[in-house]
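Hi,

Here is the structure I promised to pass on.

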Amino acid sequence: MSDGNEVIVIGGGPAGLMAAGQAALSGARVILLEKMPQPARKLLISGKGRCNLTNACSLDEFLGHFGPARNFLKPAFHTFFVVDLLSFLSNLGIETVTERGNRIFPASGKAGEVVTALLNWVKACGVKIYPNQRVIRLVCENNEIKGIEVQDLSRTPPRKVIYSASAVILATGGASYPGTGSTGDGYRLAQEVGHTIIPVRPALTPLVVAGEVAARLQGLSLKNVRAEIWSNNKKVAQEFGEMLFTHFGLSGPIILSLSKFAVDALNQKQSVMVKLDLKPALDDATLDQRLIREFDAHSKMQLRKILKNLLPQRLIPICLEQTSIDPLKIGSQITANERKAIRQWLKNFSFQITGYRPFIEAIITAGGINLSEVNRQNMASKIVRGLYFAGEVLDIDADTGGFNLQAAFSTGYLAGKSVARVIGR
Ligand SMILES: Cc1cc2nc3c(=O)[nH]c(=O)nc-3n(C[C@H](O)[C@H](O)[C@H](O)COP(=O)(O)OP(=O)(O)OC[C@H]3O[C@@H](n4cnc5c(N)ncnc54)[C@H](O)[C@@H]3O)c2cc1C
């Protein structure tokens, strides 16, 4: 690795690769340092190996998935958004398909195809990629970046080396799925040079519940249900869609999306419940009519059998236990009060949330580099001249659906182009 580099990019995820390639395309001499033996390990497992690249919804809806970070991201999305990403990928030979929920995937269904194409493109742009290089310090003088200190992990024992640079792009990702290399190093690196870090916590993470009901339902997936998060007896958020029971609690798309509300409420020592509405399309009166019809039509059939018309088989014993209705009663014997109990259960199947799964299982990290310390027009640090940020290391996190990868690509693009402009290319 030579010294006197113009631009050093730290981290070979989607944000770092895009930033490095764009800076090099604009004429800068760029090296990319990756601490793992291979870059883009997380990208490779994204979307269960299928890589949900982005989302075809409108810009306004897209921004809505980022909560308070929406304004910060506007310039990055205005510079490089969904159509730009798709045309960029198409030029690399990657065609895409749009699926349910406007989610866009590579047509091949293979994240590996995206990783290979990106790496080939970055190299073709002239970027030199050095794996097994863990950056351990940003070298600054008078609030200006001068270089970085690296631990060369390819040597035994690892050797420490300092490299100079005119600009550094920090794209070290978050702290989730640390086995992919994203262990939160970037937070410490930025903090040491004066940045503040919004406390990091797991997001898009499964929730742990009290009791044994979820474990009994392990593996059962429910579609078209509504999940609500209640914190200290107040509803704070809701989602409609698909969820899954696991041996420890609740998971699946809508639970992951809601998890940030539960995590924050639990961290504030609040009492947190998830309430499932198993019949969200029916209001109380319509649901009652439906029950009356079922019980009239099956007046001689036992309740435990009638419920098969209303519920997945595995939920029936839970429903009967929690409503305390005799499963052997026949349709004509079900009273109005018992119908009411069934209705209430169907609309409020509730779980006390006792915790959440740790970073090792979280899809994304909430918190990170304080956005108020970053210039959203060019991703530059407002504290250290020559330092730029891209991707999940920033305090941005979104729902599932391709939003997080688009944010990594868009901020990476903007950081790469801005760096090249600033160093005069
Ligand atoms: C299982 C899973 C599935 C996902 N699926 C999707 C999906 O389908 N769609 C979607 O939009 N999002 C998805 N995400 C989220 C998405 O993958 C991330 O938001 C995205 O990868 C962030 O990109 P990044 O470049 O900022 O960071 P990362 O991809 O985390 O890359 C950071 C890189 O920096 C390197 N690094 C860290 N510290 C150092 C250091 N000190 N020195 C040198 N290198 C360092 C790491 O090794 C890593 O390679 C998924 C996440 C997970 C965990």
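**Around Thr411**

A polar atom in the side chain of Thr411 sits 2.7 Å from the backbone oxygen of Ala407. Before you go on, please keep in mind that this is a predicted model. Thr411 belongs to helix H14, and it counts as buried because its relative accessibility is 0%. If you leave out residues up to four places away in sequence, Thr411 touches Leu73, Ala76, Met379, Phe389, Ala390, Gly391 and Leu394.

**The ligand**

H14 also turns up around the ligand. Which elements each supply at least two residues of the shell around the ligand? They are helix H1 (14-25), helix H2 (41-45), strand E7 (133-141) and helix H14 (403-422). The largest share comes from H14, with 4 residues.

In total, 35 residues surround the ligand, and the closest are Glu34, Ser182, Asp185, Glu392 and Leu405. Sorted by class, the shell has 15 polar, 14 nonpolar and 6 charged residues.

Some polar neighbours of the ligand, for when you have the viewer open:

- Asp185: an N or O atom in the side chain is 2.8 Å from a nitrogen atom of the ligand.
- Gly47: a polar backbone atom is 2.9 Å from a nitrogen atom of the ligand.
- Asn52: here too a polar backbone atom is 2.9 Å from a nitrogen atom of the ligand.

How much of the ligand's accessible area does the protein cover? On its own the ligand has 1,000 Å² of accessible area, and the protein covers 96% of that.

**Pro14**

Pro14 is in helix H1. With a relative accessibility of 13%, Pro14 counts as buried, because the cut-off for that is under 20%. Not counting residues up to four places away in sequence, Pro14 touches Leu43, Leu405, Ala408 and Phe409. Leu405 is also among the residues listed as closest to the ligand. As for Leu258, it is 244 residues from Pro14 in sequence, and the two C-alpha atoms are 25 Å apart in space.

**A sheet of three strands**

There is an open sheet of 3 strands, in the order E3-E5-E4, with antiparallel pairing. Its edge strands are E3 (54-55) and E4, each of which pairs on one side only.

Taking the pairs in turn, strand E4 (residues 96-99) and strand E5 (residues 103-106) run antiparallel and are paired over 4 bridges. Glu99 stands opposite Arg103 in E5. The hairpin of E4 and E5 has 3 residues between the strands, and Gly101 in this hairpin has a positive phi near 70°.

- The peptide bond between Thr156 and Pro157 is cis, with omega at about -10°. Pro157 lies in the loop between strand E8 (144-152) and strand E9 (159-170).
- Asn232 is not a glycine, yet its phi is positive, near 45°. You will find Asn232 in the loop between strand E12 (221-231) and strand E13 (234-245). Is Asn232 buried, exposed or partly exposed? Asn232 is partly exposed, because its relative accessible area of 45% falls between the cut-offs of 20% and 50%.
- Lys269 has a positive phi too, near 60°, and is likewise a residue other than glycine. Lys269 is in the loop between helix H9 (253-267) and strand E15 (272-277). Its relative accessibility is 76%, so Lys269 counts as exposed.

**The chain as a whole**

The protein chain has 14 helices and 20 strands. Its C-alpha atoms fill a box of roughly 85 × 45 × 40 Å along the principal axes. Of its 425 residues, 54% count as buried. The chain exposes about 18,000 Å², and carbon and sulfur atoms supply 50% of that area. Among contacts with a separation of 6 or more, 71% are between residues 24 or more positions apart.

Cheers

Technical notes: Residues are numbered from 1 along each chain as its sequence is written. This is a predicted model: local features need pLDDT of at least 70, side-chain atom pairs count only at pLDDT 80 or more; totals for chains, interfaces and linings use all residues. Side-chain values use heavy atoms; hydrogens and water are left out. A residue is near a molecule or strand if one of its heavy atoms lies within 4 Å of it. A polar contact is a pair of N or O atoms within 3.5 Å; within protein, one must be able to donate a hydrogen and the other to accept it, and residues adjacent in sequence count only if both atoms are side-chain atoms. Accessible areas come from the Shrake-Rupley method with a 1.4 Å probe; for residues, only the protein chains shown count as cover. Ala, Val, Leu, Ile, Met, Phe, Trp, Tyr, Cys and Pro count as nonpolar, Asp, Glu, Lys and Arg as charged, and the others, Gly among them, as polar. Two strands pair if DSSP finds at least two bridges between them. Buried means under 20% relative accessible area, exposed over 50%, partly exposed in between (1.4 Å probe, protein chains only). Contact means heavy atoms within 4.5 Å.
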